[in-house]
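Here is a brief report on one protein. Please keep the sequence and the 3D view open while reading.

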Amino acid sequence: MPEITYQAAWNPDEQEVTVIQNVRAGVSGPFGDWPAATRDDAERTLMEQGYSPAGEWQETRYGGHWVDLVWIGR
């Protein structure tokens with residue numbers, strides 16, 4: 001079974017957070033899109049959906065943000 005990790009991307013322009021599943025052979029997903037006006041909202045939403053950030057949020061050169069996630073369940 002391939003190693004699976006999750007990532008979240010938050011886009012302040014679109015005000016939504018998206019979860020994707022990374023598999024060594026490629027990327028699968030998205031697993032969900034939820035409204036999130038701020039990065040704090042994105043983090044709260046992720047926790048409500050059963051994900052926990054596994055590090056610091058990183059900003060892309062285009063203004064988006066992403067973070068690795070751990071599935072903790074609901």
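The report goes from the overall layout to selected residues.

## Basis

This is a predicted model, where local features need pLDDT of at least 70, side-chain atom pairs count only at pLDDT 80 or more, and totals for chains, interfaces and linings use all residues. Residues are numbered from 1 along each chain as its sequence is written, and side-chain values use heavy atoms, with hydrogens and water left out.

## Overall layout

The protein has six strands and one helix. Read from the N terminus, the order is β-β-β-α-β-β-β. Both kinds of element are DSSP runs, numbered from the N terminus: helices are H or I with at least four residues, strands are E with at least two.

The protein has 74 residues, and 32% of them are buried. Buried means under 20% relative accessible area, exposed means over 50%, and partly exposed is in between (1.4 Å probe, protein chains only). The accessible surface is about 4900 Å². Carbon and sulfur atoms account for 47% of that surface. These areas come from the Shrake-Rupley method with a 1.4 Å probe; for residues, only the protein chains shown count as cover.

Take the contacts between residues at least 6 apart in sequence: 30% of them join residues at least 24 apart. Contact means heavy atoms within 4.5 Å.

## Nonpolar core

The largest nonpolar core holds 13 residues. Such a core is a set of buried Ala, Val, Leu, Ile, Met, Phe, Trp, Tyr and Cys residues joined through side-chain atoms within 4.5 Å. A8, V17, V19, L46, W57 and L69 have the most contacts inside this core. Two or more residues come from each of β1, β2 (16–23), α1 and β6. Strand β1 gives the most, with three residues.

Q7 is in strand β1. Its side chain makes a polar contact of 3.0 Å with the side chain of D68. A polar contact is a pair of N or O atoms within 3.5 Å; within protein, one must be able to donate a hydrogen and the other to accept it, and residues adjacent in sequence count only if both atoms are side-chain atoms. Leaving out residues up to four places away in sequence, Q7 touches T18, V19, I20, N22, W66, V67, D68 and L69.

N11 also belongs to β1, which spans residues 4–11. N11 is partly exposed, because its relative accessibility is 26%. The N11 side chain reaches the backbone nitrogen of E14 at 3.1 Å. N11 and G63 are 52 residues apart along the chain, yet their C-alpha atoms are separated by 7.4 Å. Q15 sits in the loop between β1 and β2. Its phi is near 50 degrees, a positive value in a residue other than glycine. Q15 counts as partly exposed because its relative accessibility is 41%.

How many salt bridges does a search of the whole structure find? The search finds one. The bridge joins the side chains of D41 and R44, at 2.5 Å from N to O. A salt bridge is a side-chain nitrogen of Lys or Arg within 4 Å of a carboxyl oxygen of Asp or Glu. Side chains of opposite charge can pair when their charged atoms come close.

D41 and R44 both lie in helix α1 (residues 39–48), three residues apart, about one turn of the helix. D41 is partly exposed, with a relative accessible area of 23%. R44 is also partly exposed, at 47%.
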